[in-house]
Amino acid sequence: MDHYVNEQFMDNPAFPFRAFRAPVTQDFELHIHDFVEIIYVTEGRGIHLFQERAFPVREGDIFIIHRHVPHGYRCLPDTPFTVNNVIFDPGFFDRELAHMAGVTAFVDFYYVEPFLRERSRSPAIMNLGKPERIEAIAILDRLVREDAEREAHYELMVRTHLLQLFVYLSRCCDRWAKKPATPVRDEEELFRMACAFTKRHYAQPIGLEQISRMCGLSQTTFTTKFKRHLGLTFIEYRNRIRLDEAKTLLETSPAKIMAVALEVGFEDLSFFNRLFKREFGLTPSEHRERFRRAARQGGGSPADAGGTGARIADADGEDG
């Protein structure tokens with residue numbers, strides 16, 4: 001399977017973004033890429049390959065492909081098929097994504113729906129109505145034009161139009177009245193799915209409201225059942241994942257403590273320090289210093305091999 005990296009499609013490493021219209025004139029086998037891709041079917045029909053499944057797409061369909069998710073295309077005989085692609089490295093657009101994290105419809109469209117699509121036998125894709133397509137194409141065309149012409153401060157214009165696209169698609173999603181529902185039939189699988197989703201998006205400001213809605217449960221019911229299955233509340237589980245990731249970063253990255261806290265999803269440094277010490281018995285700075293001292297002395301990591309990470313793996317039955 002081909003694996004595309006940013007440099008193969010993006011010619012400005014300082015601003016990894018591209019927007020372009022692309023006629024699909026031949027089949028594309030399954031491939032993965034290191035960037036996020038927003039795909040809008042501008043014209044015609046085709047077959048979208050998604051992981052090990054294939055399903056039809058048509059004019060007006062718009063959907064997200066996240067990093068490292070296999071997908072591809074099949075053409076239909078004598079049928080036009082054109083897509084608008086917006087591709088970007090989400091690490092360079094964290095401010096725009098953070099702005100949208102509190103918008104329920106955007107969370108559904110950007111995070112929840114792609115995740116559920118991976119597990120569904122008949123994926124749902126938002127199809128824009130004809131009036132909605134006019135505005136969507138106008139925004140996409142502005143992004144294509146900015147990327148092609150690259151006049152002064154085009155990066156700022158791209159950020160502005162990308163945020164506009166996020167807001168507009170959120171409104172469309174809200175009007176589309178898409179209520180994400182999981183095809184899960186038993187509770188054990190339901191909470192495995194919730195844990196997998198949390199592991200993938202632990203650094204995002206996705207909370208109890210979104211995760212319970214994704215599972216088709218009220219917050220109260222989800223909380224009760226999640227704790228019964230995992231022995232932790234959802235927030236405790238998510239924070240443990242964040243703390244394990246922070247611990248790894250403290251051992252492998254020279255980033256400042258505040259930067260580490262932000263990277264794993266904590267915006268309050270004092271809260272992060274307090275949770276970290278409660279979990280590991282040391283403050284983040286103390287842990288980093290002890291780790292470095294042990295490494296200098298050739299003693300390796302002082303961390304307990306059976307620590308939090310092992311507990312989490314045991315809790316949800318996954319080790320990935």
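Start by selecting phenylalanine 226, which counts as buried at 1% relative accessibility; buried means under 20% relative accessible area, exposed over 50% and partly exposed in between, with a 1.4 Å probe and protein chains only. This is a predicted model, in which local features need pLDDT of at least 70 and side-chain atom pairs count only at pLDDT 80 or more, while totals for chains, interfaces and linings use all residues. Residues are numbered from 1 along each chain as its sequence is written, and side-chain values use heavy atoms, with hydrogens and water left out.

By the ring rule (centres of Phe, Tyr or Trp rings within 6.5 Å, using the six-membered ring of Trp; planes under 30 degrees apart are stacked, over 60 edge-to-face, the rest tilted), the count comes to 26 aromatic pairs. Phenylalanine 191 and phenylalanine 226 form one that is edge-to-face, 5.8 Å centre to centre with 75 degrees between the planes. Phenylalanine 191 lies in helix α5 and phenylalanine 226 in helix α7, so the pair ties together parts that are 35 residues apart in sequence.

Now show both helices (DSSP runs of H or I, at least four residues; strands are runs of E, at least two; numbering is from the N terminus). Helix α5 covers residues 187-200 and helix α7 residues 219-230; they pack at an angle of about 95 degrees, with their axes 11 Å apart. Axes are lines fitted to C-alpha atoms, for helices over the stretch in contact, and angles run from 0 to 180 degrees between N-to-C directions. That makes α5 roughly perpendicular to α7, a label for angles of 65 to 115 degrees (under 35 is roughly parallel, over 145 roughly antiparallel, the rest oblique). Select the contact residues (heavy atoms within 4.5 Å): Glu187, Glu188, Phe191, Ala194 and Cys195 of α5, and Phe222, Lys225, Phe226, Arg228, His229 and Leu230 of α7.

Move to the aromatic cluster formed by Phe15, Phe17, Phe88, Phe93, Phe106, Tyr110, Tyr111, Tyr154 and Phe166. Over the ring of phenylalanine 93 sits the charged end of arginine 159, 4.9 Å from the ring centre; the rule asks for NZ of Lys or CZ of Arg within 6 Å of the centre and within 35 degrees of the ring normal.

For the last stop, pick proline 23 in strand β2 (residues 17-23). Proline 23 is exposed, with a relative accessible area of 55%. Not counting residues up to four places away in sequence, proline 23 touches Phe81 and Thr82.
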